[in-house]
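Here's a quick briefing to read alongside the structure.

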Amino acid sequence: MNIDDLWKTALAQIEVKLDSPAQYQTWFRDTKLVEIDGKKAVIGVKNSYASDWLKKKHNILIKDTLSYVYGKDLDPTYEVIREKGQSEKQTEVVPENAPLLGVQQGMDMELRNIIKKSGINEKYSFANFVVADSNRIAHAAAMSVAEGKAKNYNPLYIHGSTGLGKTHIGQAVGRSILEKDPNKKVIYVTSEGFLNDMVRSIREGKAMDFRTKYRTVDIFIIDDIQLISKWVETQGEFFNTFNELANNNKQVVLISDRAPEYIENIEARLRSRFQGGIVVDISKPDLETRKAILLRKSTEFGIEIEEKTVDYVAEIITDNVRELEGALQKIALYSTMSEDELSLEEIARILGKDTKSKQERVKVPNVLKRVAKEYGITVKDIKGPKRTAEIAFARQIAMYILREEFNYKLERVAEFLERKDHTTVIHAVDKVRSKMLLEEGFKDQLQMIISELQNSEEI
Ligand code: ADP
Ligand code: MG
């Protein structure tokens, strides 16, 4: 028996023994037996998360089954293998620890390949996108574009801070179009991918091919478009591509972490192009939505999770869906390693939420510095007694961000800003909120500051 057949036989038995289609789909379907070397059996998996999971949760099952089928004792080891032809761009888009989903079950192989070739991650679809107030308008606009109903939504410009589902929804548009008509030409690319492709094609003397490739698509989805401000050359090429597509009534989807007005250093003609279709934003999910997402993802990943854990995680992880997913995976992994049910304290520890003081040391000064910079004043001014309109306003913004974005208690916020009375914080939050409602553009400006802070948050 060759090793492919050997593995196929073992998998068939594993599937039966597992008795959980979701578990099987998620963890086993994309594995392969790479080699047998003496007693060692190397099993190839898609990512380090799958490797950890199989080792911790299913090692004995795999070892026993494989040894039985092989007829001799084998010791499995797990190795992450990258698929051939998988570009860097895709590995960047697919988080390293993303589990493989079962949702593709039964999907036509050819369609799957077409979707992958378009640069689209097959785990993103409209079907597994949770619609809520925070993304309702963006979702509706994306659906209309996918259904070809909205000719004037061109470009569709989606913005919002990190981890809120922009890439998911943008790719879902492409996928949905391909599902309806696999002959449509769809390209999803990050602005960085576009730049790299351009540079490579010029170096290899294939600039014409590059142009043809991008200018003959039916739908062009470009992610992280804000980065284009860094590359002057790409802007020109992108502008021309864009015009050509728009003139031929081809759909363009732009994804960014900020509104068009806040992308720095781009040509005016490009900015006005960005604004020329429909601009929609995705905001942070509220508590109920966070719970709904957790439940949905746990079913998708084949993870069992207690209701009280869902409630707790939704309470403590507030501003990023990617983080919610990561939390779910971590909890699942740790539950399999512990005999008893995890307590909420343990969960807090696993999720690194008990290290508040460390976060504070970095986060709070960052917020103050960033806000001070925005208004051309100093952190000292913000913390100090001065009451000029500018300084007082900056102070309120800092309070708002610390309270609403980083969820510090009122008293703590007052402390950070060296205020005695925490009611000033309540007042500040109200003031900023109403300004967001009343003043066009202010919300976006604030969002930009916040998303910069979130992006520089790693500690
Ligand atoms: P962004 O591009 O805004 O940084 P992503 O699209 O990469 O965010 O989303 C991060 C993760 O969160 C993805 O795995 C995505 O599937 C998930 N996600 C975000 N919003 C939703 C949603 N509304 N429903 C389901 N999954 C979501
Ligand atoms: Mg993204």
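D224 counts as partly exposed because its relative accessibility is 24% (buried means under 20%, exposed over 50%, partly exposed in between, with a 1.4 Å probe and protein chains only). This is a predicted model, where local features need pLDDT of at least 70, side-chain atom pairs count only at pLDDT 80 or more, and totals for chains, interfaces and linings use all residues. Residues are numbered from 1 along each chain as its sequence is written, ligands are numbered from 1 in the order in which they are written, and side-chain values use heavy atoms, leaving out hydrogens and water.

- D224 isn't a glycine, yet its phi is positive, at about 55°.
- You'll find D224 in the loop between strand 6 (219-223) and helix 10 (232-247) (helices are DSSP runs of H or I with at least four residues, strands are E runs of at least two, both numbered from the N terminus).
- N265, also not a glycine, has a positive phi near 50°, and N265 counts as exposed because its relative accessibility is 63%.
- N154 and P155 are joined by a cis peptide bond, with omega about 5°.

**Around ligand 1**
- Ligand 1 has 18 residues around it, and the closest include V130 and G163 (near means a heavy atom within 4 Å).
- Oxygen atoms of ligand 1 sit 2.8 Å from a polar side-chain atom of T167 and 2.9 Å from one of R322 (a polar contact with the ligand is a pair of N or O atoms within 3.5 Å).
- Helix 7 (166-180) and helix 14 (321-337) each give at least two residues to this shell.

Terms used:
Polar contact = N/O pair within 3.5 Å; in protein donor to acceptor, adjacent residues only side chain to side chain.
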